[in-house]
Amino acid sequence: MARKYFPFLETVDLTIKFKDFVANDAVSLQFYKGFIHSIVGENGAGKSTLMKMLYGVYHPTSGKIKVDNQVVEMTPTIAMEKGIGMVFQDFRLIPAFTALENIMMALPKSKLKLGRAEICKEIKEISEKYKIAIDPDMYVWEMDLGQRQRVEIIKVMMMGKPELLIFDEPTSVLTVHEAQAFLEMLVELKNNNIAVALITHKLNEVLAVSDTISVLRHGKVKCTIEKEEGFDKEKLVGLIMGVEEGEKNTVKSFDRLEIKEVHPMLECKDMRIKDEHGRSILKHASLTVNSGEIVGVAGISGRGQRELLESIFGLKDIAEGTIKIDSVDFTDKETIDRINSGMSFISEDPKRDNVVEGMEIRDHFVLAGVTPDSKGLDYDWKKLQQNLESEDYVKDLGVPQLNRQMSTLSGGNIQRAVLARAAIRRPKVLLASYPIRGLDIGTAQTVHRILIQLRNQGSAILLVSEDMDEIFEMSDSIVVLSNNSITEKFDPKKITPYEIGELMIGGAKDE
Amino acid sequence: MSRLKNNKSLMQALSWIGMIIIAFIIFGIFLLMQGANPLEAYKNMFESTLTNQIGISKLILKSVPFILLAVATSISTRAGLVNVGVEGQLMIGMLFTITAANFLFTSLPTVLGLILLAIVGMLGGALYGGVAGLFRVKANMNETITTVVMNYISYFIVSLAVYGYLRDPEGFNWPMSTQISDSLTLPKLFGTVNIGIIIALLVVALVWYFINKTKTGFKMKVVCGNPNAAKNAGINVNKVRFFAMVATGAIAGLAGMIEICGVEGRLRTTTCQDYGYLGFLAAWMAWNNPVLSVATAVIISFLSVSGNVLEFKNNLPASSTQILMSIVLLAIMWRGKGRKES
């Protein structure tokens with residue numbers, strides 16, 4: 001396909017420095033209307049920073065941004081005027097407001113004049129046209145991450161007639177079907193002559209829809225490949241991870257050991273769990289996870305994943321039923337008892353559930369049951385730090401320096417720290433909610449390797465994910481959240497992703 | 001690295017002092033508008049307070065309750081609560097102390113009597129703080145509102161007692177309690193200054209140690225920083241909060257005991273009124289840092305002691321002191337805006 005005229009948006013030698021750190025180094029890229037341009041790279045490669053410059057959130061140290069061949073000093077207001085819309089990785093939504101209210105807040109005055117009913121109608125139209133289902137009157141705090149993202153996308157699309165839409169990790173929280181629909185939407189946008197910039201870790205998606213792929217590494221554009229030249233997944237992975245050509249991919253296969261003595265480590269029987277509004281989101285839900293077993297939990301987001309894990313971890317009381325850990329009844333026990341019995345929880349949103357403002361990474365390990373020695377009335381912090389620094393998991397996962405403030409870390413780095421502290425304990429039961437969200441391919445593979453290692457050592461792992469590939473690759477057995485309950489276990493070798501998808505949707509019908 | 005850090009805290013200290021100077025300049029403008037000479041007024045304030053033993057004694061004596069009440073408040077803040085209740089807890093602490101001093105321990109020897117009174121005073125404050133704590137953790141009632149309301153209630157309780165069972169039969173029907181016996185007075189250090197200041201500084205050191213160097217202090221920091229994270233860490237958020245309310249109350253109650261046994265000797269309806277609010281302000285001026293709140297408590301004490309001079313030497317209205325205090329407070333809060341207590 002020949003490029004027509006000049007690009008809608010072009011960056012020329014864009015460089016940005018944070019103190020001594022060069023986040024983007026002489027980045028020159030072009031975004032054309034009617035084309036999908038994907039940017040791939042590791043965590044910290046500078047993708048999000050670059051996009052934030054395009055949107056005017058950050059200002060480049062040097063270099064230029066051109067829109068329609070004219071140099072522009074970008075600010076978010078100008079970006080909006082020029083028709084540049086951005087769907088942020090961390091959603092800019094106010095939890096206390098409804099979807100409609102959040103969208104209305106972002107709209108220009110001219111559009112607000114239409115009134116609530118008209119806007120609501122428009123939301124419904126877009127939502128139907130692109131198959132992005134949202135309930136405009138639902139409060140954001142009631143929504144899970146998938147639903148929040150749909151609101152965010154619609155919000156950006158409502159803000160004006162978009163010329164360039166930037167998506168930062170858009171599908172990381174979507175289900176297979178939703179992700180498919182999302183990609184179709186991207187193509188729809190492209191056909192409507194909109195320029196699309198897509199940042200994602202999911203190479204399959206990149207390969208499926210992109211017209212152009214640029215690889216960013218250490219802030220520099222390593223290469224830009226056009227569709228006509230042909231995309232090669234293996235080569236792309238190598239480029240992203242900095243593996244020189246000819247060298248073999250560093251990824252090791254995961255060896256699953258046969259576990260000899262299997263016994264039930266986590267037994268949930270006939271649970272009834274209520275959601276925030278007191279409605280029973282799960283009924284007659286039973287689930288057993290054996291030692292040395294990874295049970296994958298598939299399901300459309302918001303079908304009780306969060307409630308299920310929080311109940312098992314004791315953050316939430318269950319209305320009926322029993323929970324046993326290693327054959328001991330824990331139904332009425334506190335979270336701290338469960339932690340002490342060897343349970344670890346990787347929450348779906350560690351920033352919300354784990355990060356304490358003003359505390360070092362080191363301190364956060366103590367919060368998840370890594371108990372340091374006592375020294376007087378205090379903990380022996382020095383010794384803890386030494387112990388942690390020598391831990392393999394801390395090194396393998398590339399946890400940043402332990403005395404850094406946790407709240408200043410990026411989402412991916414927070415995830416690394418949270419995973420390391422869970423793995424260190426070699427937990428009896430590990431509840432892992434979206435463990436590789438926000439991680440680059442390399443780290444995600446390390447995480448999967450660690451999960452298999454823990455499994456081989458006898459941990460019982462409950463893995464919640466909406467990524468079908470992950471569920472099928474990792475699980476010894478799969479259950480589906482559907483029809484307000486949990487299905488029986490399925491053997492991943494005897495069932496197809498398509499059948500699992502059918503079961504998930506079976507749950508959606510009964511709403 | 002560490003030099004950089006030192007410079008940073010030095011800068012903070014300097015800017016903090018700078019804000020106080022700015023406050024005095026603004027108040028100087030106010031004095032000019034009132035037709036008074038600001039330089040002369042400030043000279044009077046400093047001379048009357050800092051150049052003679054009586055002034056210094058007054059300054060120290062008045063600092064004690066402010067120090068204790070500020071430190072008490074900062075404990076609650078460290079558990080993520082905005083507790084304005086030290087006023088009421090101080091009142092109840094005084095009430096418990098005077099009641100025990102006049103009806104139970106009248107004939108006890110000094111040391112034993114004072115120790116028991118300290119315990120009783122702390123118990124009173126702790127109980128009153130505990131009630132607000134229960135409201136918070138059991139009924140999820142906002143502690144700021146409940147404590148303000150309970151402050152008013154405490155005035156009425158004190159009035160009831162002072163007009164009733166506490167009233168001095170030889171007091172010419174004035175609403176005040178009987179004087180406590182001399183044996184139950186706090187020992188003096190020098191002049192009129194009693195050992196209350198030493199107790200207060202000890203409490204500051206203890207609270208600082210407790211907040212920064214113990215496991216419970218660590219838990220409080222988590223609860224304050226992110227209650228959600230605390231729940232995920234298996235920390236009983238309600239327990240920590242309740243404990244903080246009780247501890248705040250106990251220290252406020254101790255301040256009440258020191259006031260009764262060290263300064264006042266008897267309870268009137270207006271004894272120590274508004275001390276709690278000033279202590280609360282001292283805590284927030286010090287960004288809820290227990291050590292820094294010693295400084296802010298002394299400043300508030302200085303303003304309230306030296307402010308009287310303005311009234312009789314410079315012919316200014318009595319409320320001028322309060323205006324000066326508000327300006328100083330706002331100036332410091334301005335400097336601290338957006339800053340998290342650390």
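**View 1. Domains of chain A.** The centres of domain 1 and domain 2 of chain A, taken over C-alpha atoms, sit 31 Å apart. Chain A splits into domain 1 (9-250), domain 2 (262-342 + 428-511) and domain 3 (352-424), with bounds that come from an automatic or database domain assignment. A note for all the views: this is a predicted model, where local features need pLDDT of at least 70 and side-chain atom pairs count only at pLDDT 80 or more, while totals for chains, interfaces and linings use all residues. Residues are numbered from 1 along each chain as its sequence is written, chains are lettered from A and ligands numbered from 1 in the order in which they are written, and side-chain values use heavy atoms, leaving out hydrogens and water.

**View 2. Chain B as a whole.** Chain B has 13 helices and two strands; these are DSSP runs numbered from the N terminus (helices: H or I, at least four residues; strands: E, at least two). Its C-alpha trace spans about 60 × 55 × 35 Å along the principal axes. Take the contacts (heavy atoms within 4.5 Å) between residues at least 6 apart in sequence: 77% of them join residues at least 24 apart.

**View 3. Surface and charge of chain B.** Chain B exposes about 15600 Å², with carbon and sulfur atoms supplying 68% of it; the area comes from the Shrake-Rupley method with a 1.4 Å probe. The 25 positive and 12 negative charges of chain B have mean positions 19 Å apart. Here Lys and Arg are positive, Asp and Glu negative, and His and the chain ends are not counted; each charge is placed at NZ of Lys, CZ of Arg, CG of Asp or CD of Glu.

**View 4. P290(B) in its helix.** P290(B) is part of helix α12 (residues 290-313) of chain B. It's buried, as its relative accessible area is 1%. Beyond four places in sequence, P290(B) touches V71(B), S74(B), R78(B), V204(B), V207(B), W208(B) and I211(B). F210(B) is 80 residues away in sequence, with 11 Å between the two C-alpha atoms.

**View 5. E470(A) and its contacts.** E470(A) belongs to helix α18 (residues 468-474) of chain A. This Glu counts as buried because its relative accessibility is 3%. Apart from neighbours within four places in sequence, E470(A) is in contact with P435(A), I436(A), H448(A), L463(A) and S465(A).

**View 6. L114(A) in a loop.** L114(A) is in the loop between α4 (109-112) and α5 (116-129) of chain A. Its relative accessible area of 42% makes L114(A) partly exposed. Leaving out residues up to four places away, L114(A) touches I119(A) and E122(A).

View 7. Most residues other than glycine have a negative phi. D68(A) has a positive phi, near 50 degrees, and lies in the loop between β4 (62-67) and β5 (70-71) of chain A. D68(A) is partly exposed at 40% relative accessibility. Phi of H284(A) is also positive, near 45 degrees, but H284(A) is in strand β12 (residues 280-290) of chain A. H284(A) is exposed, with a relative accessible area of 57%.

Notes: Buried < 20%, exposed > 50% of the residue type's maximum accessible area, 1.4 Å probe, protein only.
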